[in-house]
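Subject: Two-chain model, handover and notes

Dear colleague,

Here is the structure for your files. My notes on it follow below.

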Amino acid sequence: MEKRARFKSAWLPYALVAPQIVVTLLFFFWPAAQALYQSVLIQDAFGVSSQFVWFENFQDLFNDETYLESFKTTAIFSILVAFLGLSISLILAVFADRILRGASIYKTFLIWPYAVSPVVVGVLWMFMMSPTLGVIAHALRYFGIEWNHQLNGRHALMLIVMAAVWKQISYNFLFFLAGLQSIPKSLIEAAAIDGAGPVKRFFTIVFPLLSPTTFFLLVINVVYAFFDTFAIIEATTQGGPGKDTEILVYKVFHDGFKGGDLGSAAAQSVILMTIVIVLTVVQFKYVEKKVQYS
Amino acid sequence: MIERRPILDLISHLVLLLGVLVVAFPVYVALVASTQTADQAAAAPMSLVPGDQFLVNYAEVITKGTSGNISMPPVGRMMWVSFVSALLIAFGKISISMLSAFAFVYFRFPGRSLFFWMIFVTLMLPVEVRITPTYQVVSDLRMLNSYAGLTIPLIASATATFLFRQFFLIVPDELAEAARIDGAGPLRFFKDVLWPLSRTNVLALFVIMFIYGWNQYLWPLLIATEQNMYPVGIGIKTMIAGGDAAVEWNMVMATLILAMLPPGLIVVVMQRWFVKGLVDSEK
């Protein structure tokens, strides 16, 4: 779409885009180029000289057990976060869409975890689940479960999944609710007249019509699990015990800043960029055919 | 409502109540712990009945920071840093995106699509994937430990630019034509016509961007190395660094409650704009 009415000026448009372009060049393109460049170099231990090594950093990464392990952890983590986050919020949204009275009160209560920062979420959950003083850990012990995320890698993964899902429910809920409300009531009514009960209507009409929203949220949740959960992990498990909860983003930070292995960290950044690009392309492809029914 | 099913209605309310409980429980625990004494909050398990230390604890964290053996600035100071950064990020994102969207929609100029694509690509470069080199740039520019360093690298925004572009495109052409006939230049048109029309969009985006800015963690972790530039999120992490025994959980929880208050209030009070901003910025 283009505007018919335009203004003419030789310099003004450049002045208008300049601030954003300068920021973009300085803090996005230049660093990204640096990451690309560093990813094909190996620095010596003192950082004085570096050597061009083609794709050796990448080869090293894919031969590195811990990196592949981190890939696997990230995959399991994001599948769990996306699956649990989407299912719980879909259930809540379906019921919230049903009721007339009090719906807005429930909505207010359900959406505000969106505003809680990931580090706060992490500390909250760690406090409740702490094996020594956590309220929930104690309740679990009462039921015979010895909860200890500091020693048990499975528990640690469950902890970060719970914290990440808790924060993301509000976002998914809002989008599911909006999606449900945009389904024409006449369709549902027609099915009801034909004798389809609520459960059947949900699986044959509502859920299929909701699929664009679900797919969109799936991408968003995977991106969230990949990139926005750094602070949750940093506040709760710090990648441990061992490396059981070390997802890719956490590993980049760890190797680059704490370990000082710039070449490897840069190669990891490049791999992450590739993942984001793929996810963004998927998302945009989908956006084009998004609206099927409104 | 399609048909009357009282039992299903009951189940709906029960499920939603359960959802609200799950969402609210962690915050309730934090709130209770923040009103207890250090010993009470560190009891195993702590009591779920509020204590009587509310005023004492909050007054202490806001003005003095936590006691114990960890040195850190008062929470009041850290909240201020978070607040200023969040405001700067929100204002920065909105202003530079509005200006560039205005240029993209109302002007034809060589390089237009190149610039547009450059901004689009930033979507694919989240800060997490370019941490090390971006940190290098900021440190070369001597912007560590400054508001500029905490905010400017985060203010480029493809989503906000698209949103304003989308919005400007549906503004009727007649308005710009009328403005031109009346002899108004582009800047005048922007100020007197586009800006008033965009106010709802600006407000909606502001809510989202403020929360985004307030909740930054990884970036300030690198940029704020001096304690007086710590935003509250980093402060919380510092407070719990001592390990289970050394941590004063009542103070930590008071800080958590304070840290979630500003963005939480904004979401609840400005719910309409928040929802609009959230939905719009993902289109």
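Accessible areas here come from the Shrake-Rupley method with a 1.4 Å probe, and for residues only the protein chains shown count as cover. On that basis chain A exposes about 13,400 Å², with carbon and sulfur atoms supplying 66% of it. For chain B the accessible surface comes to about 11,900 Å², and 67% of that belongs to carbon and sulfur atoms.

This is a predicted model, in which local features need pLDDT of at least 70 and side-chain atom pairs count only at pLDDT 80 or more, while totals for chains, interfaces and linings use all residues; side-chain values use heavy atoms, with hydrogens and water left out. Residues are numbered from 1 along each chain as its sequence is written, and chains are lettered from A and ligands numbered from 1 in the order in which they are written.

Confidence

The pLDDT (the predictor's confidence in each residue, from 0 to 100) averages 84 in chain A, where 93% of the residues score at least 70. Residues 290-294 of chain A have a pLDDT below 50, and this stretch has nine contacts (heavy atoms within 4.5 Å) in the model beyond near neighbours in sequence. Where pLDDT is low, predicted coordinates should not be read in detail.

The two chains

Helices (H or I, at least four residues) and strands (E, at least two) are DSSP runs, numbered from the N terminus. Chain A has 13 helices and two strands, whereas chain B has 14 helices and zero strands. The radius of gyration of chain B, taken over C-alpha atoms, is 24 Å.

The C-alpha trace of chain A spans about 75 × 75 × 30 Å along its principal axes, and that of chain B about 75 × 65 × 35 Å. I use buried for under 20% relative accessible area, exposed for over 50% and partly exposed for anything in between (1.4 Å probe, protein chains only). By that count 55% of the 294 residues of chain A are buried, as are 56% of the 283 residues of chain B. Among contacts in chain A between residues at least 6 apart in sequence, 66% join residues at least 24 apart. In chain B, residues 24 or more positions apart account for 72% of the contacts with a separation of 6 or more.

Helices α8 and α9 of chain A

Helix α8(A) covers residues 185-193, and Ile188(A), Ala191(A) and Ala192(A) are buried in it. They share one side of α8(A), because they cover an arc of only 100 degrees around the axis (the arc is that of the directions from the helix axis to the C-beta atoms). These buried residues pack against α9 (198-209) of chain A. After α8(A) comes Gly195(A), with a positive phi near 95 degrees.

In α9(A) the buried residues are Arg201(A), Phe202(A), Ile205(A), Val206(A) and Leu209(A). Down the axis of α9(A) they fall within an arc of 130 degrees, so they line one face of the helix. Their packing partners in chain A are α3 (65-98), α7 (153-181), α8 and α10 (211-227). The face turned away from the buried side of α9(A) carries the exposed residues Val199(A), Lys200(A) and Phe203(A).

Individual residues

Which residues does His138(A) contact, leaving aside its neighbours within four places in sequence? They are Thr132(A), Leu133(A), Ala44(B) and Pro45(B). His138(A) lies in helix α6 (residues 135-142) of chain A, and its C-alpha atom is 9.0 Å from that of Met128(A), ten residues apart along the chain.

Lys93(B) sits in helix α4 (residues 75-106) of chain B and is buried, at a relative accessible area of 6%. Not counting residues up to four places away in sequence, Lys93(B) touches Leu154(B), Ile155(B), Ala156(B), Ser157(B), Ala160(B), Met209(B) and Tyr212(B).

Most residues other than glycine have a negative phi. Arg142(B) has a positive phi, near 55 degrees, and Asn145(B) has a positive phi of about 55 degrees. Arg142(B) is in the loop between α6 (131-140) and α7 (147-151) of chain B, and Asn145(B) is found in the loop between α6 and α7 of chain B. Arg142(B) counts as exposed at 76% relative accessibility, whereas Asn145(B) counts as buried at 17%.

Regards

Definitions and conventions: Rg over C-alpha atoms; globule rule 2.2 N^0.38 Å.
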